[in-house]
Each structure stands twice: as structure tokens, then as C-alpha cells.
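Thank you all for coming; I would like to walk you through one structure today.

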Amino acid sequence: MLHDGFSDLLYVLFPVWQAAFGLSFAQVGLLKTLYSGSMAALQVPASLLAERAGERVLLALGTLVAAAGFIVSGWTGGFLGLALCLMLSGAGASVQHPLGSALTSRAFEGEKQRAALSTYNFSGDVGKMLLPALCAALLAVLDWHAVTSLMGALGLGAALAIWFAVPRTLHQAVSAADVPDSPAAAGAAPDAATSALANRGFISLSAIGVIDSATRMGFLTLLPFVLIAKGASVTQVGFALSLTFAGGAAGKFFCGLIAERVGVLRTTILTELATAAGIVALLPLSLEGSMLLLPAIGIALNGTSSVLYGTVAELVPGARRARAFGVFYTLTIGAGAVSPALYGLLGDAIGVPRTFGVIAAVVLLVLPLTLGLRPALRALRAG
């Protein structure tokens, strides 16, 4: 809840920072790129380090670092200082996705695994609803410097909670076969890791995740400016984002369950088509109409990710799952890190409305990629 909330309350702050520092859309996108890029770059190192140091230590330390970045950002007076703070927070946030996903999938091995991962992802979206709304409400009465420091204080509390509440024996859940340097994994580990990840199904899944993540981050970065152009205040932007994230929470939770019934491919195609249609339909609507449509866009925008995360656990053996999640999150969050800067540049060049059209068109590239995923899923059903 906290880490995902940290990531998405930035969308509320972007228009405030743009006004405070006179930023271009490209600079706004770069801020998101620096945060998400730092997070993406350390996904795999975090998963490898956890094999030795333990998840509990890294989760608490990473949360502490992420909180420190937000606290210090409240004292910055320029773009460079703000950029450095967001890089620090992104680095701290890198631990949550691979470690949390690996622990959840390991705890619910078998039939309940996909539902457990959907629930885990849903909890993150609860944070995406609560923290941006809280941030927007505080901005109505406090200076943004104070608001970011208060958000960081929440992170400090969470770091302490992790340290004291998570069992000290958590690291024991990792078996000897999971650790590449252990005697049980000696010799065969490199080949096993390569064969587990370098297969057509995992590659296709990762490519779909890259496009899905790039679309989501690009859309959310520019959405506040579309709403402001329709007459929205900062508080209304925060409310609109909360509506979008509420839809996203429902999408992550229910789309993972729907995929179990109608299939991964059908669910993925449906959500991506709905995402493209929703982005295009948003442009001509009034502010009130946009508010009504945003929850539906959120369902489609975030629904695919829950389907993809659950499929990673199915395509990769348990002994390599932490690394697989680390690689998958590195690629998807990396794409989400780059896309805001690229779409920001495009927004400066051709305007935000036309850039939304480009984002909608890019989503459709997912459709041919599903062809590479089909044989792997068929093999899973046969097995």
C-alpha cells in the first residue's frame, strides 16, 4: 500500500511542481523517469541480495530509504534537488515488487497462487487510492514542502512496522535450492536460470508487460494536465486520480480471477482494447464526463498487470521465481520509467491530446505479441 501509494501520489504533485519550478512536460516526465528508473535498475540486485540478507531486512531498509527521499524533497528549492530526492526514493522502492511477489507466490503455491497474487496487487492499489487522495487534501491546506515531508513520515512508520512485525524467520522460507551458491544448486544453477527465463512464453509475456507498463505510466503522467485543461483544480485532479486507481484496484483484483475462467489471452486482449478505446474517448468529454469514465479506464489500464504477474509464476519454476519476478519487474518498470519522458517530449512537440492518441495506438501492439504466448499457455494446460 505504501510503496505503490508513494509512486502514484507523484501524479498529484507534478502539476504543483510544474507551477513552482516552471517545468516543461519533458521535465515532468523526466522526474517520473528518474523515480521509476531507479526502482527498475535495482529490482534484480534486490532479489539476489535477498537470497543472502533476507527479505525482512531489505524490505525495512528499502522502505526507510524511500521515506527519506520524500522527507528531504520537502526541503528542496529547485528541479535538480527534487530529481535527486526522487532517485533516492525510487532506489528504496525497488525492494517491494520482487520480494513481495516471490514471498506471496511461495506461500500460496498451487491453485490459490494466482488469486493470492491478485490480492497482493490489489493491496497496492488501495495505497494508490488513499495516498494521492490524502496528498491532494493536504495540498488544499498546506504548502507542498510540508506535504511531501508528511508523506515521508508515513514511510518511516511503515519501515518500523516491517522491522518489528515481519517474522525474523522469514528468510528461512528460502530453500537451499533457491540459493544459487548453495551446494544443492551448484553447477546446474546458471543453466537452470537461463532455460527458465529464456523461453518464448516468458519473453512474450515480458514484452506485453513492457507495453502495458509504458502505456500506464505515460497516460497517468499526462492525465492531470488533460484534466486541468478541462478546468480541474489540484484537489479535483487528486480525486480524479483516486477514481482511476479505484478502478485499477478493482481491475487488478477481478481480472486476475477472470483470467482463471476465460483464459489469460482473452483477458489480456480485452483489457488492452478497452484501454485504447478509453484513452481516445476521454479527450472530447467534459470534466464531469471524464470523472465518470476514469474508473472504467482504470479497470482496463491496471487489469492486464494482474493477469501478467500471475502468469510469471506459472511459466517459471519456483526455485527461479524470485529472479523471474526481478527480471519481469525490471523490464516493465524500466519501460514505465522511460515512457513518461518520451511522451513528455512528444507532448511538448505535438500537444497532450495528440500524444494521448499515440499512447492508445501503441497499446494495440500487444495484440500480435499474444501469438508468442499462446503455445506456452497451451503447454501449461496440457501439463
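This is a predicted model: local features need pLDDT of at least 70, side-chain atom pairs count only at pLDDT 80 or more; totals for chains, interfaces and linings use all residues.

Val57 counts as partly exposed because its relative accessibility is 34%, where buried means under 20% relative accessible area, exposed means over 50%, and partly exposed lies in between, with a 1.4 Å probe and protein chains only. Residues are numbered from 1 along each chain as its sequence is written, and side-chain values use heavy atoms, with hydrogens and water left out.

Val57 sits in helix α4 (residues 55–73); helices here are DSSP runs of H or I with at least four residues, strands are runs of E with at least two, and both are numbered from the N terminus. In total, the protein has 16 helices and zero strands.

Together with Leu160, Trp163 and Phe164, Val57 makes a nonpolar surface patch of about 410 Å². Patches are made of residues with over 30% relative accessible area and no salt bridge, like charges being joined within 9 Å and nonpolar side chains (Val, Leu, Ile, Met, Phe, Trp, Tyr) within 5 Å; a salt bridge is a side-chain nitrogen of Lys or Arg within 4 Å of a carboxyl oxygen of Asp or Glu. Helix α8 gives the most to this patch, with three residues.

Now to the aromatic side chains: how many aromatic pairs are there? Rings of Phe, Tyr and Trp (its six-membered ring) pair if their centres lie within 6.5 Å, and planes under 30 degrees apart count as stacked, over 60 as edge-to-face and the rest as tilted; by this rule the count is seven. In one of them, Phe21 and Trp144 are edge-to-face, at 5.8 Å centre to centre and with 80° between the planes. That pair links Phe21 in helix α1 (residues 2–21) with Trp144 in helix α8 (residues 144–165), 123 residues apart. Phe21 counts as partly exposed because its relative accessibility is 23%, whereas Trp144, at 7%, counts as buried.

Phe219 and Phe356 form a tilted pair, 5.2 Å centre to centre with 40° between the planes. Phe219 lies in helix α10 (residues 200–229) and Phe356 in helix α15 (residues 352–363), so this pair ties together parts that are 137 residues apart in sequence. Both Phe219 and Phe356 are buried.

How values were computed
Accessible areas come from the Shrake-Rupley method with a 1.4 Å probe; for residues, only the protein chains shown count as cover.
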